[in-house]
Amino acid sequence: MLSIIIPTKQRENIFYETVIALDQALQFFNYDYEVIIVNNDDKSLSIALPSDFKLINCNTGGVAAARNMGAKYANGNILLFLDNDILISSESLKKGYEYFINLSKLNDKMVLNFNWVYPQNIYDKLTQKPFGRYILYYGFDKYEGKAWTNTTFDKNSEYIKTHMFISCAFFIKQSIFSQIEGYNENFKFAGYEDNDFKEKLIKNNIEIYLLPNIYVYHNEKDYLDLKKFLERKYRSAYTRKQAVDLGDDDLLLQHSIFKKFILTIIWSFRNFFISFVNNFFKSKKFDFITFKIIDALLAAYIYKGYNSK
């Protein structure tokens, strides 16, 4: 049996699209399944869920705790974790599940990731603004982009073995999830809980596979706003420092006194710079300027998030 687990917090318009897409995909899914929605917020969900979706509440802790709670209440021997902004088609769901079943027969200790890109309707918006073009330039719009894996997966292979992992869409056996004791609930926000989970997989000799040709769609259209994007990177940097405090020295960030001074100045004028990017130099010919400003803002937000208490 497959248990599909989706933690969610706020972002209800985005989450509603995820629910609709999943409900449609399941109409053509001829295997036993259940869907568990974990509301990771103090507020109740205001959207109506399909009648066969289960809703549980986890209003303490972050997304790591929400994923663990979903697994705790799951009846399936196979888990599929999806983020609340992942759109999955019936074809991807069916093929992904069948690949996981078949790969499990060859290797009992493994997890399986989907590949991902942005939905097509987002791309029309990205080219219209400097920040959208920045997202495209650095490849924030796809898993193979410079901002994420900075690689091109072998499309001639049905599946590949990798040392990269992402939590937004993956299959894992319930027994394996229990063996590694799930996610570390010390992580308050989404971010480096992925990296910590990956290290647990590697430590326990659990192999990571990826389907390079089977995609889900990462519906981040609410993060096409520069300030929201930066605030998310701030929270992610906070979890990076948590990972360092837990012993992952590879993620250590160090800054010279001069760089700290510069980043503090940029932070102090961050709202001015954000307004500047959003309202001036909108032509593509000025992208080399706006991209440098966004780079500086991103560095300042990461610095402040990493060093926040």
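Student: Is phenylalanine 272 buried or exposed?
Tutor: This is a predicted model, where local features need pLDDT of at least 70, side-chain atom pairs count only at pLDDT 80 or more, and totals for chains, interfaces and linings use all residues. Residues are numbered from 1 along each chain as its sequence is written, and side-chain values use heavy atoms, without hydrogens and water. Buried means under 20% relative accessible area, exposed over 50%, partly exposed in between, with a 1.4 Å probe and protein chains only as cover. Phenylalanine 272 has a relative accessible area of 54%, so the label is exposed.

Student: Which helix holds phenylalanine 272?
Tutor: Helices here are DSSP runs of H or I with at least four residues, strands are runs of E with at least two, and both are numbered from the N terminus. The run at residues 270–279 includes phenylalanine 272, and that run is helix H10.

Student: What area does the nonpolar surface patch with Phe272 have?
Tutor: Like charges are joined within 9 Å, and nonpolar side chains (Val, Leu, Ile, Met, Phe, Trp, Tyr) within 5 Å. Areas come from the Shrake-Rupley method with a 1.4 Å probe; for residues, only the protein chains shown count as cover. Phe258, Phe261, Ile262, Ile265, Phe269 and Phe272 make a patch of about 650 Å².

Student: Which helix gives the most to the nonpolar patch?
Tutor: The top contributor spans residues 257–268. With four residues in the patch, that element is helix H9.

Student: Which residues does phenylalanine 273 contact, leaving aside neighbours within four places in sequence?
Tutor: Phenylalanine 273 is also in helix H10. Phenylalanine 273 is partly exposed, because its relative accessible area is 25%. Contact means heavy atoms within 4.5 Å. The partners are Ile266, Ile293 and Leu297.

Student: How many residues are in the largest nonpolar core?
Tutor: A nonpolar core is a set of buried Ala, Val, Leu, Ile, Met, Phe, Trp, Tyr and Cys residues joined through side-chain atoms within 4.5 Å. Those with the most contacts inside the largest one are Leu2, Ile4, Leu93, Phe114, Phe171 and Leu226. Helix H11 (residues 287–306) gives the most to this core, with eight residues. The core's total is 63 residues.

Student: How many residues of helix H2 are buried?
Tutor: Helix H2 covers residues 63–72 and is mostly covered. Its cover includes strand S4 (78–82) and helix H7 (193–203).

Conventions
Patch = residues over 30% accessible without salt bridge, like charges linked within 9 Å, V, L, I, M, F, W, Y side chains within 5 Å. Salt bridge = Lys/Arg side-chain N within 4 Å of Asp/Glu carboxyl O.
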